[in-house]
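This report describes selected strands and a chain contact. Please look over the sequence and the model shown here before reading on.

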Amino acid sequence: MQSKQLSTNRMTPKKFLDQYSIMLITVLMIVIATILQGTTFLSLSNFVNIVRNNSVVGIIAFGMSLVIISGNIDLSVGAQMVLVASLTLDVVNRTGSAFLGVLTAFAFSCTLSLITGLIVTKGRVPSFIVTLGLQYIYRSILIYTLNGGGITTRNESYAMISSYNLFGWLPLQIVYFFVMAAVFFFLSKYTVLGRHIYAVGSNEKATRLSGIKTDRIKILAFILLGAAIAVAAVAESSRMGSINSTSSGTGYELNAIAMAVIGGVAMEGGKGKITNTMFGAFIFGLINNILTLVGVNTRLVNAFKGAIIIIAVLLQRKSRER
Amino acid sequence: MAEYALKMSKIIKTYGGIPVLKEVDFAVKPGEIHALVGENGAGKTTLMNILGGVVLMDSGEVEVLGEKLSHLSPGIMQEKGVAFIHQELNVVNDLTVYENLFLGRELRTRLGTVDVKAMCREAERVFSGMQVDVDPKALVESLETSTKQIVEIARSLLLNAKIIIMDEPTTSLNQNEIDQVFSLMTNLARDHGVSIIFISHKLGEVVQFCDHYTVLRNGEKVSEGPLRPEDGTQVDQADIARMMVGQDVLSVEVYVARRLGEAVLDVNGLHINGHVRDVSFSLRGGEVLGITGLLGDGKEHLVRGLFGDIPIDSGSIVLNGKPCSPRHPAQGKGAGLGFLPSNRKENAIIKDLSIQSNITIVSLEDCCTAGHVLSGKLERGMADKAKQDFSIKIADFGNAITSLSGGNQQKVVLSKWLSMSPSVLLLSNPTQGVDVGAKNEIYAQIMKLAEQGVGVIITSGEAKEIIKICDRALVMYHGSVRGELDRDELTEENIMILSTGGELGKNDRSTAVCNPNS
């Protein structure tokens with residue numbers, strides 16, 4: 001018989017560490033970097049750079065977090081983003097309308113994610129396999145269609161979507177990152193769907209037996225990721241003004257998963273917080289930035305990233321087991 | 001040769017201060033098929049686990065083939081010739097028969113490679129000794145369940161087993177397969193002098209095939225004796241059922257007589273392939289209907305089918321006058337059904353959600369403000385109501401559900417259905433893994449719900465539970481309803497007789513009225 005003592009509502013140091021460890025690590029990294037590099041690091045322009053460089057993958061990471069929390073994974077996000085971006089640029093070029101381009105991005109990306117979700121749930125194929133396959137399919141179709149090259153736009157209003165600086169210093173791309181963070185935070189915490197996503201990832205059987213359409217929940221999580229991918233596709237292609245079929249978006253899926261995991265999203269589902277994924281994205285960007293500033297050979301940056309991912313998960317395991 | 005192949009004397013075992021075995025004596029002769037029977041929790045499994053070396057006894061003596069054993073462990077017991085064949089078959093489906101037989105101790109050639117030929121030869125030798133025909137090279141996956149069982153028995157013979165423990169070996173077999181396994185058992189006992197300890201709830205089989213019986217009840221041996229007519233026995237199936245149940249007086253009275261309402265649920269000819277056969281019944285508002293039977297007799301599938309968790313193959317369900325054929329639990333819920341599944345941890349607890357979220361999960365839509373935004377206040381209100389109605393002990397709704405005791409967890413997963421005001425509640429094993437005190441509280445809650453007019457269906461393998469709270473019970477056997485008992489006929493004996501496949505004659509239909517114990 002289990003009879004653990006009922007704990008009270010008091011905030012214990014352990015609870016505090018559990019909830020805010022990611023933020024503490026972020027702050028710690030900032031403090032250390034400031035001590036080492038002073039104002040070179042601690043400047044507005046540097047921070048704008050850090051966030052901007054990671055905003056596209058960060059936006060995907062929010063959607064990825066929901067999908068992982070629901071008990072699935074999506075390895076096709078990088079290829080899907082480029083595929084969506086290329087169609088978007090094509091529409092912008094043909095119609096001259098940035099608005100129609102954005103509309104296309106959402107419609108196309110959500111449809112692709114709906115298909116992913118349908119294969120995963122109705123076909124009962126593990127999402128790892130489905131999205132691994134889709135990744136190859138998307139990338140291959142893209143390279144074939146664009147003949148291995150890319151697609152470029154000169155549409156100025158489309159370029160402004162990402163590059164316009166609010167107040168003269170805040171690129172809209174960064175605004176999208178924070179808006180998406182807020183939207184996904186709200187969805188995960190204050191909607192029925194969000195709660196059901198956690199429930200499905202935690203115990204699918206029990207959730208189903210509570211009279212909830214679990215397949216529908218899982219598909220909707222994919223579609224929300226699809227929407228995030230659409231935003232990422234527009235942000236990326238409008239900032240660059242072009243998309244390359246072979247080089248764009250490569251490794252985005254793993255980086256997005258890394259941000260979620262550093263932020264404490266559990267691969268087995270049911271656990272994770274959008275706010276922490278946001279800090280995961282910050283940490284990811286900070287590693288890059290600090291190592292560059294300190295003068296570590298850029299070829300070694302990924303080794304540090306890899307180490308941070310493993311250490312982050314180790315720390316979270318430990319704190320959960322205690 | 002020793003008089004007894006196995007002699008266990010004065011075996012005592014306690015778990016956390018609660019005695020599970022109280023000075024139990026158990027002896028088996030060579031070449032005997034000995035039935036060990038008793039209700040769930042009577043101590044059969046613990047006794048056999050001690051014999052298998054899996055569980056350490058507190059005190060007592062074990063003698064195997066005349067040799068007193070001071071130390072028991074799975075390895076030693078295997079060496080001494082004790083083999084344990086569990087209810088869940090322990091074969092590797094992806095391997096062949098001979099690979100299974102020699103798993104972990106493969107025969108080798110001089111070069112160190114596995115000697116397939118020698119193993120197949122050995123396997124064939126054992127099978128021919130058992131007078132069965134099994135291809136050693138066949139993939140185990142392709143075999144019938146009974147043949148898989150034969151493979152397991154063959155494996156124990158290869159280990160020179162002298163005592164084979166078979167725990168509920170026939171539950172997953174059909175009649176032909178059962179006959180095959182029993183003829184094999186008889187052959188092993190008669191021709192090879194192997195002793196077989198047969199644990200089963202199917203008393204019909206016990207009386208038909210076994211030489212001797214021992215009945216355990218609440219950790220004590222209450223009776224033993226011969227079963228063969230030629231040994232002058234007079235014990236029959238009903239006698240054993242009575243001995244298993246004993247003269248326990250039911251403790252706290254929770255049943256309340258009440259006026260029943262109109263029929264809320266009508267089930268007609270319900271059929272679920274392989275599990276439920278032609279089940280029909282009707283449930284009235286405020287009625288508590290028990291569905292009992294042994295493990296695997298279809299009661300679980302029946303309620304899961306009603307709720308839409310598994311597909312129904314034929315039959316009709318009418319709920320509140322409207323035809324209803326849920327194909328998903330969401331539809332069952334939508335029609336007004338609530339469902340408490342068995343195996344709480346696996347099927348009911350959402351471990352990463354807080355206590356409050358586990359309560360509100362069923363009717364989360366009702367916790368939203370006009371703009372579809374979840375309201376913590378509304379959620380708290382719903383959880384508070386459940387807490388009060390079910391007197392759940394909760395310090396903080398934000399805590400993990402796993403921080404609660406089993407009884408309180410069960411109350412949480414039961415109370416969550418009240419928010420949707422179900423017209424019928426399906427409760428599968430509602431007091432599983434719950435201690436005695438909490439059990440009575442849950443029974444009282446169920447009574448209260450019934451008094452409010454909710455129709456309740458309870459499935460349970462515990463006869464005592466059914467008797468305690470049900471107005472009426474259906475007893476299932478092999479997927480169909482073997483009999484229906486009204487409250488005044490609800491006795492453990494009647495339930496035991498029906499659930500073991502027996503018949504209630506007009507005369508020996510014992511009623512609770514003339515039963516001095518209730």
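Two strands pair if DSSP finds at least two bridges between them. Strands (E, at least two residues) and helices (H or I, at least four) are DSSP runs, numbered from the N terminus. This is a predicted model, in which local features need pLDDT of at least 70, side-chain atom pairs count only at pLDDT 80 or more, and totals for chains, interfaces and linings use all residues. Residues are numbered from 1 along each chain as its sequence is written, while chains are lettered from A and ligands numbered from 1 in the order in which they are written.

| Strands | Sense | Bridges | Opposite residues |
| β7(B) (163–167) and β8(B) | parallel | five | B:I163 and B:S195 |
| β11(B) (263–272) and β12(B) | antiparallel | six | B:I272 and B:V276 |

A residue is buried if 20 or more other C-beta atoms, placed from the backbone, lie within 10 Å of its own. Five of the five residues of β8(B) (195–199) are buried, so this strand is largely enclosed by the rest of the structure. B:S195, B:I197 and B:I199 cover one side, and B:I196 and B:F198 the other.

In chain B, an open antiparallel sheet has the order β12-β11-β14-β15. Strands β12(B) (276–284) and β15(B) (322–323) stand at its edges with a single partner each, so one side of each lacks a neighbour in the sheet.

Residues are in contact if their C-beta atoms, placed from the backbone, lie within 7 Å; 33 residues of chain B contact 27 of chain A. Helix α10(B) gives the most to this side of chain B, with four residues.

Note on methods:
Two residues are in contact if their C-beta atoms, placed from the backbone, lie within 7 Å. A residue is buried if 20 or more other C-beta atoms lie within 10 Å of its own, exposed if 12 or fewer, and partly exposed in between; C-beta atoms are placed from the backbone.
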